Amino acid sequence: MAQFVSKSEYEEITAASRDARMAWWREARFGMFIHYGLYSALGRHEWAMASENWPVNEYEKLAAGFLPKQGAPNEWAALAKKAGMKYMVLTTRHHEGFSLWDSKVNPYNSVNYGPKRDIVREFVEACRANNMRIGFYTSLMDWHHPDGGAAAYDSAARKRFNDYIYTLNEELLTQYGKIDILWYDVARPMENYEGWNSLEINQRLRAIQPDIIINNRSRLDEDFGTPEERVTAEKDRDWESCMTFNGLSWGYVDSAQAGPHSYNAQRILKMLATCSEGAGNLLLNIGPQPDGSVPPEAVEPLTTVGKWLAKNGEAAYGKVSRFKEGGGIGSRLCSMSKKGKIVYLWNWIWPPNRELILGGFKTPLVSAKLLADGRSLPFTQEKYRIILKNLPADGREPVAGVTVIALEFNVKPGEEIETQRFAARPPLNGGRVFE
């Protein structure tokens with residue numbers, strides 16, 4: 001019988017290997033989430049089975065009409081590559097309980113119904129063909145399983161249900177080679193990790209895939225946090241914001257019926273800049289159409305972002321770090337990401353007077369240039385103030401309108417760029433200076 005360690009020992013062991021396991025993820029910055037399942041055929045929301053109170057036997061009938069076309073995962077992966085994404089996460093089984101692989105423990109799956117194909121395998125092959133890291137989303141909640149609700153109050157049902165959840169994920173982590181991410185979701189109905197037996201289950205799954213990284217939704221902190229529908233850095237830990245493409249639904253929604261809710265390239269880059277500034281990742285979702293086709297409204301924005309990243313990706317990818325001083329430095333016209341001695345200014349409004357003033361930097365500036373084409377920019381610097389002068393009139397980046405300026409500072413390896421939140425100024429009328 002396998003030997004399991006205590007929670008504190010488990011956290012100590014996973015922390016010791018975290019830097020090595022997370023190294024690729026911390027540099028990837030940008031990934032694609034794919035929500036695809038029976039709910040895609042309904043075209044209104046992935047929670048429809050619960051929110052519309054569908055009887056299980058009636059909802060099951062959707063499986064016969066779930067017919068993803070051949071090659072659909074290749075379309076997803078090809079778009080992810082064009083967008084400059086580095087990894088993909090697929091809903092292998094959402095809360096509706098329908099598995100997209102040849103599951104022996106769950107006969108309600110895509111090999112027994114609908115396409116009669118293993119969609120997870122097609123997804124894995126598409127990821128590998130396009131050099132994408134592979135993530136499996138796995139729901140803890142299950143509306144189809146008879147013990148999915150009773151597990152909250154019936155100990156025998158809880159044991160059966162936890163064994164079921166483990167076996168599903170054991171199948172996923174043993175049938176497809178190396179998998180990079182296990183992405184749990186919605187730990188209901190149990191209220192704590194003991195109810196889910198997460199400590200034991202995750203140890204068993206890590207034994208199968210020692211390099212895997214796991215998110216924080218099995219009621220254990222694990223490797224990274226997952227703020228949802230908000231791009232907000234989490235303090236002192238790795239984090240990944242997961243965002244819908246339209247702010248309405250994770251699953252497919254007909255854009256003609258939903259109206260103009262989808263993101264454009266500039267809004268995606270704004271989210272990506274915030275993630276880069278806070279040393280986090282962006283996992284941006286698409287909800288494929290019922291036949292698995294990429295939703296048309298996602299193609300142009302993501303392709304544009306990819307073209308922009310091809311020239312400016314240095315500002316996003318790689319091991320970025322946060323400013324120790326926090327907010328209030330730089331300019332309201334820019335977001336900032338930092339790698340070592342270089343600060344990248346993501347400029348949102350190209351200054352019409354061809355001058356950009358940055359406050360709060362104390363370390364001497366060595367050089368300033370446009371990242372996309374390397375053109376040098378003249379500057380002056382005084383205490384806590386940098387002025388970039390005579391900016392080129394054609395400096396606004398043509399692909400997405402977001403120009404990146406790379407600032408190189410005079411710091412030695414291991415040193416930090418010194419900043420001060422507000423520039424020092426003499427007291428007014430003998431009053432106090434508030435920092």
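In which kind of crossing, left-handed or right-handed, does α5 pass α6? The crossing of α5 past α6 is right-handed, a term for a near helix turned clockwise from the far one by less than a right angle, left-handed being the anticlockwise case. The structure is a predicted model, in which local features need pLDDT of at least 70 and side-chain atom pairs count only at pLDDT 80 or more, while totals for chains, interfaces and linings use all residues. Residues are numbered from 1 along each chain as its sequence is written, and side-chain values use heavy atoms, with hydrogens and water left out.

**Helix packing**

- Two packed helices are described by the angle between their axes and the distance between the axes.
- Helix α5 (residues 72-82) packs against helix α6 (residues 119-129) at an angle of about 35°, and their axes lie 8 Å apart.
- Helices (H or I, at least four residues) and strands (E, at least two) are DSSP runs numbered from the N terminus; axes are lines fitted to C-alpha atoms, for helices over the stretch in contact, and angles run from 0 to 180 degrees between N-to-C directions.
- Pro73, Asn74, Trp76 and Ala77 of α5 meet Ile119, Glu122, Phe123, Ala126 and Cys127 of α6, where contact means heavy atoms within 4.5 Å.
- Seven nonpolar residues, one polar and one charged make up this contact of α5 with α6.
- Nonpolar covers Ala, Val, Leu, Ile, Met, Phe, Trp, Tyr, Cys and Pro, charged covers Asp, Glu, Lys and Arg, and the others, Gly among them, are polar.

**Cavities**

- A cavity is a set of points on a 1 Å grid over the protein atoms alone where a 1.4 Å probe fits but cannot get out, and lining residues have an atom within 4 Å of a point.
- The count is three cavities of 30 Å³ or more, and the largest cavity holds about 80 Å³ of space.
- Of the 14 residues lining the largest cavity, Phe245, Asn246, Gly287, Pro295 and Glu297 are the closest to its centre.
- β7 (281-286) and α12 (296-312) each give two or more residues to that lining.
- A volume is the space filled by probe spheres set on the grid points, which are joined across faces, edges and corners.

**Ser367**

- Ser367 is located in strand β11 (residues 365-370).
- Ser367 is partly exposed because its relative accessible area is 28%, between buried (under 20%) and exposed (over 50%), using a 1.4 Å probe and protein chains only.
- Not counting residues up to four places away in sequence, Ser367 touches Phe379, Ala406, Leu407 and Glu408.

Methods: 1 Å grid on protein atoms, 1.4 Å probe; cavity = no way out; pocket = protein on both sides within 12 Å on 5 of 7 lines; lining within 4 Å.
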